[in-house]
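Subject: Structure handover

Hello,

Here is the structure for your files. My notes on what was found in it follow below.

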Amino acid sequence: MNYRIKDNNNKFYSIDFDKVIDLRLEILGKKENETLIKSDILDMKWTEKVDKNKATLFVVAGVFQYFTKDRIIHFIHQIQSRIPKCEMVFDATNTTGLKYANKFVKSTGNVNAQMYFAIDDPYEFAKETNTKLIGVSGFFADALKQCKGLKFISKLMMFVADKLKRTMVIHLRLNQ
């Protein structure tokens, strides 16, 4: 199964908890150009396994919202000091989106998934982290174009979330 860029000269790293990596191996297997790292992402020991001679694009999906802003800023600074040529792409919500997300999660009965991190101004966040903002896009923009069969209300809610910047994909250059 080749689900990534077909150029095998690129290296891919997946960092996650032991159980997640084990399940990922079971379902997707492992390609020659992949390194699967069993680690808490906040334990920076995993950075020792990353090739620092190559430019790195670090994709953090569905993770940051579970940590405080101070912890995320500290994490970004740690990456900056360890990986010299690095960009990061991650998803975020604004303060209003975070309130809605937490309310929704609680309504499902899940009381252990409290979310904390929100970005209201991506430009200000880039300044706070001493990074360069490369781009901001709507989280659902591509899904709205590609997903067929969605109910009108789902499409409307996705559109409004993107339009009001309640959901975003943010791209930063960590080392300027």
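Two strands count as paired if DSSP finds at least two bridges between them. Please keep in mind that this is a predicted model.

The sheet

With that criterion, four strands form an open sheet in the order β3-β4-β6-β5, and the pairing is mixed. The edges are taken by β3 (56-60) and β5 (132-138); each has a single partner strand, so one side of each is left without a neighbour in the sheet. On average, neighbouring strands of this sheet are turned by 20 degrees against each other, direction ignored.

Strands β4 (residues 86-93) and β6 (residues 167-173) run antiparallel to each other and are joined over seven bridges. Phenylalanine 90 has isoleucine 170, in β6, as its bridge partner. Helix α2 (residues 69-82) packs on the sheet, where it touches β3 and β4. The direction of α2 makes about 165 degrees with that of β4.

Tryptophan 46

This residue sits in the loop between β2 (34-38) and β3. Is tryptophan 46 buried or exposed? Its relative accessible area is 2%, and the cut-off for buried is under 20%, so tryptophan 46 counts as buried.

Leaving aside residues up to four places away in sequence, tryptophan 46 touches Ile15, Ile37, Ser39, Asp40, Ile41, Phe58, Phe75, Ile79 and Ile83. As for distances, the C-alpha atoms of tryptophan 46 and asparagine 112 are separated by 26 Å, and the two residues lie 66 residues apart along the chain.

Regards

Methods: Residues are numbered from 1 along each chain as its sequence is written. This is a predicted model: local features need pLDDT of at least 70, side-chain atom pairs count only at pLDDT 80 or more; totals for chains, interfaces and linings use all residues. Side-chain values use heavy atoms; hydrogens and water are left out. Helices (H or I, at least four residues) and strands (E, at least two) are DSSP runs, numbered from the N terminus. Axes are lines fitted to C-alpha atoms, for helices over the stretch in contact, and angles run from 0 to 180 degrees between N-to-C directions. Contact means heavy atoms within 4.5 Å. Buried means under 20% relative accessible area, exposed over 50%, partly exposed in between (1.4 Å probe, protein chains only).
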